[in-house]
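Open the structure in your viewer and keep the selection tool ready. Here is a short tour, stop by stop.

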Amino acid sequence: MSASIVGACIMMKAISVAEFGGPDVMKVAEIARPEPKEGEVLIKVFAAGVNPVDTYKRAGTYAKHLLPALPFTPGADGAGIVEALGAGVDSVAVGDRIWLSGSTTGSVFRRLPSSLFMGLEKHFLTCLVDITGTYAEFCVSKASDVHPLPASISFKQGGGIGTAYRTAYRSLFTRIPGGVKSGQVVLVHGASGGVGLAAIQLAKAQGCTVSCPLFRRDC
C-alpha cells in the first residue's frame, strides 16, 4: 500500500469497519492520513498487532461504553518508522525504528457512567476510545506510547509487544502489592499465548522461577 494525494489531503489505505460483525466487515478504504498534533508522533506502520480486544471491538461485543464510533480502523499495537513529529516531541526522531503501545489517531473522549468508578469519578470522568488505529499505512500515537525498537527485533515482533507485555507487566508488578520478587516461584497459566510468553520473560528477568502447567490430551 502507498499513500496518495487528493486535493490538499494526503490519503492512505486503511482497514475500515463501518458496521459491527465478523471478519468480513473489515474493508480496505482510502482515508485522509492523520497529522501529529503537539506531543504526538506520526508513524509509518510496517506491522500491526492483532489482539483479542480488537476482535471484540470489531464484533461489537466489547463493553458498550468503550465501543468506537463507526466507522473506525482497529488496532492499538504496531511497529514501524517515525514519519513526522508533533510540536514538543524530542524522545524520538524522524526515521527511528519504533514500536507503539497505543494509537490515538482520530480518538474521541466519551463521558462514562460515574457508577463504574465506585467514588473515583473525579479521576475517571472520560475514557479514550480509538476510532482509527494501526490497521493502516500510517497512525498517530502519543509520544509516551512510542518506544525504540532494537535492530535485533523485527517489525513483526515489535507489533506484538504492546498489549501482551503491558498486560503481563501489570499482572506481575502492579496488581501484586510490591510486585514479584527475585527467588519467588511464578505460576503462568496459558503460557503459550502472547501474555503468557511475556509473563515468562518478565518473571525470569526479575529472577523468578517460572512454572507452566501443561495439558496432555492422552492423560
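Start at the second largest pocket: its lining has six nonpolar, four polar and no charged residues. Ala, Val, Leu, Ile, Met, Phe, Trp, Tyr, Cys and Pro count as nonpolar, Asp, Glu, Lys and Arg as charged, and the others, Gly among them, as polar. This is a predicted model, where local features need pLDDT of at least 70, side-chain atom pairs count only at pLDDT 80 or more, and totals for chains, interfaces and linings use all residues. Residues are numbered from 1 along each chain as its sequence is written, and side-chain values use heavy atoms, without hydrogens and water.

Select the lining: Ile 153, Gln 157, Gly 160, Ile 161, Ala 164, Tyr 165, Gly 194, Leu 197, Ala 198 and Gln 201. Two elements give two or more residues each: α3 (162-174) and α4 (194-205). Color α4, which supplies the largest share, four residues. Helices here are DSSP runs (H or I, at least four residues), numbered from the N terminus.

Next, select Gly 158. This residue sits in helix α2 (residues 155-158). Is Gly 158 buried or exposed? Buried, with a relative accessible area of 0%; buried means under 20% and exposed over 50%, with partly exposed in between (1.4 Å probe, protein chains only).

Now show the neighbors. Leaving aside residues up to four places away in sequence, Gly 158 touches Gly 78, Ala 79, Trp 99, Leu 149 and Ile 153. Contact means heavy atoms within 4.5 Å. Finally, pick Leu 100: C-alpha to C-alpha, Leu 100 is 8.2 Å from Gly 158, though 58 residues apart in sequence.

How values were computed. On a 1 Å grid over the protein atoms alone, a cavity is a set of points where a 1.4 Å probe fits but cannot get out, and a pocket is an open set with protein on both sides within 12 Å along at least five of seven lines; lining residues have an atom within 4 Å of a point.
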